[in-house]
Amino acid sequence: MSTKCDRLCSTDDCMPGTGVYLRHGYIYSSLAGYVLRKNEGEELPVISVVRETEAQLLPDVGAIVTCKVTSINPRFAKVHILYVGSTPLKDRFRGTIRKEDVRATEKDRVETYKSFRPGDIVLAKVISLGDVQSNYLLTTAENELGVVVAHSEAGAQMVPISWFEMQCPRTHAKEFRKVARVQPEYLQA
């Protein structure tokens, strides 16, 4: 966080972006806000300052995201991205997990409805960026990725019993899922 008129860096180290100004070979903040430093190509990093309301964490390629399944069809599952890492998103971002990106093995045998159901909470990894018109493409093709929270038809939170099944603790009914082997760093308190 910077305040107005903070000296951020020398023009030898950075290039000015938005929300900054130059004076005597140094870059200063022209407003109070968050300092963003982006490397764009081979040049020096570009330094900008944005107001808190403009600072928005965006899902990036390789990021682990938490999302909620909104709908499924035989070819893909549609999701809303809720968190990037442990940071909640202010805006709603849509994602798609294609049938071929559900598992690392036996991709041709994957059935979407045996992997996810609407309402499931899923850990996934971003494999390509979306834009205003399209969705982020996500994958669950790692052991640590997949369904982390699912509810049975009886309304109970199901318990994983294998890498491909979860069970309702009330009715003992089993349902197919692409179950995540959750690592401790992804567990929220």
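## Nonpolar cores

The largest nonpolar core of this predicted model has 26 residues, and V65, C67, I81, I97, F116, V122 and L138 are those with the most contacts inside it. A nonpolar core here is a set of buried Ala, Val, Leu, Ile, Met, Phe, Trp, Tyr and Cys residues joined through side-chain atoms within 4.5 Å. Buried means under 20% relative accessible area, exposed means over 50%, and partly exposed is in between (1.4 Å probe, protein chains only). At least two residues of this core come from each of strand 7 (64–72), strand 8 (76–84), strand 9 (87–98), strand 10 (121–128) and strand 11 (136–139). Strand 8 gives the most, with 4 residues. Strands (E, at least two residues) are DSSP runs, numbered from the N terminus.

Leaving out residues up to four places away in sequence, C67 touches V79, H80, I81, L82, D120, I121, V122, A124 and L138; contact means heavy atoms within 4.5 Å.

## Aromatic pairs

The whole structure holds 4 aromatic pairs. Rings of Phe, Tyr and Trp (its six-membered ring) pair if their centres lie within 6.5 Å; planes under 30 degrees apart count as stacked, over 60 as edge-to-face and the rest as tilted. Y21 and Y28 form a stacked pair because their ring centres are 5.5 Å apart and their planes are at 15°. Y21 is partly exposed, at 26% relative accessible area, whereas Y28 is buried, at 17%.

F164 and F176 are also stacked, with ring centres 6.2 Å apart and planes at 20°. F164 lies in the loop between strand 13 (159–160) and strand 14 (165–167), and F176 is in strand 15 (residues 174–176), so this pair ties together parts that are 12 residues apart in sequence. F164 is partly exposed at 31% relative accessibility, and F176 is partly exposed at 34%. Ring pairs join W163, F164 and F176 into a cluster.

## Charges over rings

The charged end of R7 sits over the ring of Y26, 3.9 Å from the ring centre. K114 lies over the face of F176, at 4.9 Å from the ring centre. A charge sits over a ring if NZ of Lys or CZ of Arg is within 6 Å of the ring centre and within 35 degrees of the ring normal.

## Basis of the values

Residues are numbered from 1 along each chain as its sequence is written, and side-chain values use heavy atoms, leaving out hydrogens and water. As this is a predicted model, local features need pLDDT of at least 70 and side-chain atom pairs count only at pLDDT 80 or more, while totals for chains, interfaces and linings use all residues.
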